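Subject: Structure handover and findings

Dear colleague,

Here is the structure that I promised to pass on to you. Please look through the sequence and the coordinates first, and then read the notes that follow.

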Amino acid sequence: QVQLVEAGGGLVQAGGSLRLSCEASGSVFNINDMGWYRQAPGKQRELVAAINSGGYTNYADSVKGRFTISRDNAKSTVYLQMNSLKPEDTAVYYCNAGLKITVYSPRVGYWGQGTQVTVSS
């Protein structure tokens, strides 16, 4: 069974930094796209950043220049380095990965359990 295990959330003051990590554990054959989404209270879940297996990255306009997504394929892990945090970055952050558990299985999207990031002003 595949699980995405997130870590690194917490409480930080505005202007501070946090680093999130998300490891895919279990029987994983291949991971394609990995990304981070966030959902603030009363708002829809939105894409924050994504990275494909070739290292191509994509960011939401609101985090460009402040957040950096990276991945370690050997560890099946994706990271999100968040700098210059703002109160509006406060949300639950979710990891997402499109992966195959065998060479014959379809690619399926998996979600992590979410980690709270709170930025105080």
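Which backbone oxygen does the side chain of S105 reach at 3.0 Å? It is that of T102, and the backbone nitrogen of I101 lies 3.1 Å from a polar atom of the S105 side chain; a polar contact here is a pair of N or O atoms within 3.5 Å, where within protein one must be able to donate a hydrogen and the other to accept it, and residues adjacent in sequence count only if both atoms are side-chain atoms. S105 is found in the loop between β9 and β10, where helices (H or I, at least four residues) and strands (E, at least two) are DSSP runs numbered from the N terminus. Because its relative accessibility is 14%, S105 counts as buried, a word that stands for under 20% relative accessible area, with exposed for over 50% and partly exposed for what lies in between (1.4 Å probe, protein chains only).

Some notes on how to read all of this. The model is predicted, so local features need pLDDT of at least 70 and side-chain atom pairs count only at pLDDT 80 or more, whereas totals for chains, interfaces and linings use all residues. Residues are numbered from 1 along each chain as its sequence is written, and side-chain values use heavy atoms, with hydrogens and water left out.

Leaving aside neighbours within four places in sequence, Y93 is in contact (heavy atoms within 4.5 Å) with residues including L20, W36, R38, L80, M82 and V117.

At 6% relative accessibility R38 counts as buried, and its side chain makes a polar contact with the side chain of D89 at 3.0 Å and another with the side chain of Y93 at 2.9 Å. Beyond its neighbours within four places in sequence, the contacts of R38 also include E46, V48, F67 and E88.

A search of the whole structure finds 1 disulfide, defined as a pair of cysteine sulfur atoms within 2.5 Å. This disulfide joins C22 to C95, with an S to S distance of 2.1 Å, and an angle of -80° about the S-S bond makes the link left-handed. C22 lies in strand β3 and C95 in strand β9, 73 residues apart, so that the pair links distant parts of the chain. Both cysteines count as buried, because C22 has 0% relative accessibility and C95 likewise has 0%.There is also 1 aromatic pair, under the rule that rings of Phe, Tyr and Trp (its six-membered ring) pair if their centres lie within 6.5 Å, with planes under 30 degrees apart counted as stacked, over 60 as edge-to-face and the rest as tilted. The rings of Y37 and W111 have their centres 5.0 Å apart and their planes at 65°, so this pair is edge-to-face. Y37 belongs to strand β4 and W111 to strand β10, 74 residues apart in the chain. Y37 is partly exposed at a relative accessible area of 24%, and W111 is partly exposed at 40%.

Lastly, two backbone angles. S76, in the loop between β7 and β8, has a positive phi of about 50° although it is not a glycine. Phi of S84 is near 50°, again positive in a residue other than glycine, and S84 is placed in the loop between β8 and β9.
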